[in-house]
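Notebook open, model loaded. Today I'm looking up charged pairs first, then a helix packing.

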Amino acid sequence: MFTLEDIRNYHCPRWKDWPSIDLYMDQVISLIEESVSPFYEDLPAKAVTSTMINNYVKQKIIVPSKNKKYRREHLAYLYVLFLLKPVLSLTDISNGISFMQNNQTNEVSYNLFCDELEAALAMAFDEKEHSIERRPGDIIQTIALAFAYTLLARYYIASQKETVTNDAEK
């Protein structure tokens, strides 16, 4: 299981941190696994597998690799996907990423996601705001907030998709 210190020190790999050379599947799995593992250590299954990635390609959630090699865009997309899949549906994640990509470059939208994720982690795990020991009310409140914010994210994604669809029909 991750520690509070792990979370407080977590740094998302930025766009420039991903290799600029194309990678094979086993290299992609290693990099993504290493990047998301702090959040998956307490789960019984592996966080990232080639089967999962191949299924995402078949479901058109990610674009296929070229000559079995994956680019920086794949790495960033997979990183976000594997971080968010315990929280949102694959469709919601895909729609959210598509919305961000329509409004700015992949690099800008990905780095913005990283900035916002680190800010959210800092806020949620702030030592001044939260004691190490939680009271039952704190746990219930945190679970309720997780639900509420997940619902809010789904609402934003759905409303953006609706806006894009309406604009396309005009």
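Asp17 came up first: it is partly exposed at 39% relative accessible area (buried is under 20%, exposed over 50%, partly exposed in between, with a 1.4 Å probe and protein chains only). Its salt-bridge partner is Lys16, with the closest N and O atoms 3.3 Å apart; I took a salt bridge as a side-chain nitrogen of Lys or Arg within 4 Å of a carboxyl oxygen of Asp or Glu. Lys16 counts as exposed, at 65%.

A note on provenance: this is a predicted model, where local features need pLDDT of at least 70 and side-chain atom pairs pLDDT 80 or more, while totals for chains, interfaces and linings use all residues. Numbering runs from 1 along each chain as its sequence is written, and side-chain values use heavy atoms, leaving out hydrogens and water.

I searched the whole structure and got 5 salt bridges. One of them joins Arg14 and Asp115 at 2.7 Å, N to O. Arg14 sits in the loop between H1 and H2 and Asp115 in H6, so the pair ties together parts 101 residues apart in sequence (helices are DSSP runs of H or I, at least four residues, numbered from the N terminus). Arg14 is buried at 13%, whereas Asp115 is partly exposed at 40%.

I also logged Arg71 with Glu73, closest N and O atoms 3.3 Å apart. Arg71 is partly exposed at 33%, and Glu73 is too, at 32%. Through shared partners, salt bridges join Arg14, Asp115 and Glu118 into one network.

Key:
Helices (H or I, at least four residues) and strands (E, at least two) are DSSP runs, numbered from the N terminus.
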